[in-house]
Amino acid sequence: QVQLMESGGGLVQPGGSLTLSCAASGGISSNYRMGWYRQAPGKERELVATITGGSSTNYAESVKGRFTISRDNAKSTVYLQMNSLKPEDAAVYYCNAYNIYIVVPRLEYWGQGTQVTVSS
């Protein structure tokens, strides 16, 4: 059973930094694209960043240049380094794992989420 466990959320002042971690267990391999999504109150969940097993990355325009996604395949862990945080970055951040090589059945998993609050 695949499980994703996020950590690292918390309260930070505008302009500050946080690093989120997501530890995967239960069979996540480099075949999985890992990613971070976020959902603010009253808004839909949105993509923040993704990274493939080969370390190809994709970022939402709103976080480019401020956030960096990385992964350690040996540890089955993905990270999100967030710098220059803004109040609009506040949200629950979810870790995602999606197998890009198997279409049916769809193999996609979500973590429980970790809260990021940006406030002075």
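A nonpolar core is a set of buried Ala, Val, Leu, Ile, Met, Phe, Trp, Tyr and Cys residues joined through side-chain atoms within 4.5 Å, and the views below are taken from a predicted model.

**View 1. The largest nonpolar core of the predicted model.** This core holds 29 residues, and those that touch the most other members are Met34, Trp36, Leu80, Met82 and Tyr93. At least two core residues come from each of β3 (18-25), β4, β5, β7 (67-72), β8 (77-82), β9 (91-99) and β11 (114-118). In soluble globular proteins, nonpolar side chains tend to be buried together.

**View 2. The surroundings of Tyr93.** When neighbours within four places in sequence are left aside, Tyr93 is in contact with Trp36, Leu80 and Met82, among others.

**View 3. Strand β8 and its partners β3 and β7.** β3 and β8 run antiparallel and are joined by 6 bridges, with Leu20 standing opposite Leu80 of β8. β7 and β8 also run antiparallel, and 6 bridges join them; here Ile69 is the residue that stands opposite Leu80. Between β7 and β8, which form a hairpin, lie 4 residues, and in this turn Ser76 has a positive phi of about 50°.

**View 4. Gly42 in a loop between two strands.** Gly42 belongs to the loop that lies between β4 (32-39) and β5 (46-51). Gly42 counts as exposed because its relative accessibility is 88%, and the cut-off for exposed is over 50%.

Key. Residues numbered from 1 in each chain as written. Predicted model: local features only at pLDDT ≥ 70, side-chain atom pairs only at ≥ 80, totals over all residues. Heavy atoms only, no water. Buried < 20%, exposed > 50% of the residue type's maximum accessible area, 1.4 Å probe, protein only. Contact = heavy atoms within 4.5 Å. Pairing = 2+ DSSP bridges.
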